[in-house]
Amino acid sequence: MSTYKSTDKTQLTAHFNVSEFRCKCGGSHDTKLDPDLVKKLEKLFAALKCSKIIVNSGYRCSNHDKNVGGNGSGQHTKGTAADIVCYDKSGKKISSKMRVLRPFVTGVITTSRA
């Protein structure tokens, strides 16, 4: 597990920056992030031939997790989950919602590819 300051802008991989995983509550608390999660996202990027992956929700502080319907101690609060949207090379959504939990990918709802 890695911990980053709220102002950190470390480029973690070719496609992901730590700032993308920051809690959306706007607080200045640290961000917890499992490096294995980012590796899995990179593998998913390559496997789906994405043009980009948007991280809609990465790390969540306990309060924010509760505010969005979580129990305050779920995988997001541990830095081991991300809700993402993937886009293909033409810019079309490959998925409308995807949730990545280390070590599994769950909750995949795909849209048709043109």
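Which backbone oxygen does the side chain of Thr-77 reach at 2.6 Å? It's the one of Gly-74, a polar contact in the sense of N or O atoms within 3.5 Å, where, within protein, one must be able to donate a hydrogen and the other to accept it, and residues adjacent in sequence count only if both atoms are side-chain atoms. Thr-77 sits in helix 3 (residues 75-78), and it counts as buried because its relative accessibility is 11%, with buried meaning under 20%, exposed over 50% and partly exposed in between (1.4 Å probe, protein chains only). Leaving out neighbours within four places in sequence, Thr-77 is in contact (heavy atoms within 4.5 Å) with residues including Lys-32, Tyr-59 and Asp-65.

A word on what you're looking at. This is a predicted model, so local features need pLDDT of at least 70 and side-chain atom pairs count only at pLDDT 80 or more, while totals for chains, interfaces and linings use all residues. Residues are numbered from 1 along each chain as its sequence is written, and side-chain values use heavy atoms, with hydrogens and water left out. The protein chain averages a pLDDT (the predictor's confidence in each residue, from 0 to 100) of 86, and 82% of the residues score at least 70.

Now the overall layout. Three helices and six strands make up the secondary structure, taken as DSSP runs (H or I, at least four residues, for helices; E, at least two, for strands) numbered from the N terminus. Along the sequence they run β-β-α-β-α-α-β-β-β.

On to the core. The largest nonpolar core has 17 residues, and Phe-21 and Ile-84 have the most contacts inside it; such a core is a set of buried Ala, Val, Leu, Ile, Met, Phe, Trp, Tyr and Cys residues joined through side-chain atoms within 4.5 Å. Helix 1 (35-47), strand 3 (52-57) and strand 4 (81-87) each supply at least two residues of this core, and helix 1 gives the most, with five.

So let's look at helix 1. Its buried residues are Leu-37, Val-38, Leu-41, Glu-42, Leu-44 and Phe-45. They lie on the same side of helix 1 because they cover an arc of only 160 degrees around the axis, judged by the directions from the helix axis to the C-beta atoms. On the other side, Lys-39, Lys-43, Ala-46 and Ala-47 are exposed. At the start of helix 1, a side-chain oxygen of Asp-34 comes to within 2.8 Å of the backbone nitrogen of Asp-36.
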